[in-house]
Amino acid sequence: MHLKRVLPSDFPALQRFYKQAGYKGKASTRDENWVLVDYNEVICAAARIVLQAHERILRGVWVAADVQHQGIGSALLRQLSNGGHLSQCYTFPYQHLVSFYQRAGFAEVVATPHLMPLLQRYNRDGQKVALMRYMGS
């Protein structure tokens, strides 16, 4: 499998993948959209990095249902890390995913003043998330 940046011409395929994965977000040219594809160029996993609250935020990692629990999500984060794409990146994982992100080089951090409203909003909405920043693997 290899890492590939999603170009606008590939957005329809990414949107189909998101829909199958249950993600309601949309691919945008304002964001960094990355996928891990197999040798047939089939998307196995996707990650989206957005600019929000003046910070780079990894909005999540989605893995195709038929290859979950096989290390594909970890491989995606590892390749993003190796390419320098997670530098200066935050994420808001659900509490049950904190250890997954820790293994990928993220650490829990105290919210900065401009990230605190986002963290509060997520937790107010009942999502129970942490704030983590990529520190390197």
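Modeller: What follows takes the pairs in turn.

This is a predicted model, in which local features need pLDDT of at least 70 and side-chain atom pairs count only at pLDDT 80 or more, while totals for chains, interfaces and linings use all residues. Residues are numbered from 1 along each chain as its sequence is written, and side-chain values use heavy atoms, with hydrogens and water left out.

A search of the whole structure finds three salt bridges (a side-chain nitrogen of Lys or Arg within 4 Å of a carboxyl oxygen of Asp or Glu).

Let us begin with Glu41, which is paired with Lys4 in a salt bridge whose closest N and O atoms are 3.3 Å apart. Because Glu41 lies in the loop between strand E2 (32-37) and strand E3 (43-52), and Lys4 belongs to strand E1 (residues 2-5), the pair ties together parts that are 37 residues apart in sequence; helices (H or I, at least four residues) and strands (E, at least two) are DSSP runs, numbered from the N terminus. Glu41 counts as partly exposed, at 40% relative accessibility, and Lys4 is partly exposed too, with a relative accessible area of 30% (buried is under 20%, exposed over 50%, partly exposed in between, with a 1.4 Å probe and protein chains only).

We turn next to Arg48, whose side chain meets that of Asp31 in a salt bridge with an N to O distance of 2.9 Å. This pair also links distant parts of the chain, with Arg48 in strand E3 and Asp31 in the loop between helix H1 (11-21) and E2, 17 residues apart. Arg48 counts as buried, at 11% relative accessibility, and Asp31, with a relative accessible area of 9%, is buried as well.

There remains the salt bridge that Arg56 forms with Glu32, where the closest N and O atoms are 2.7 Å apart. Here Arg56 stands in strand E4 (residues 55-63) and Glu32 in strand E2, so that the pair links distant parts of the chain, 24 residues apart. Glu32 counts as buried, its relative accessibility being 17%.

Read together, the pairs give this picture: Glu41 and Lys4 join the loop between E2 and E3 to strand E1, Arg48 and Asp31 link strand E3 with the loop between H1 and E2, and Arg56 and Glu32 link strand E4 with strand E2.
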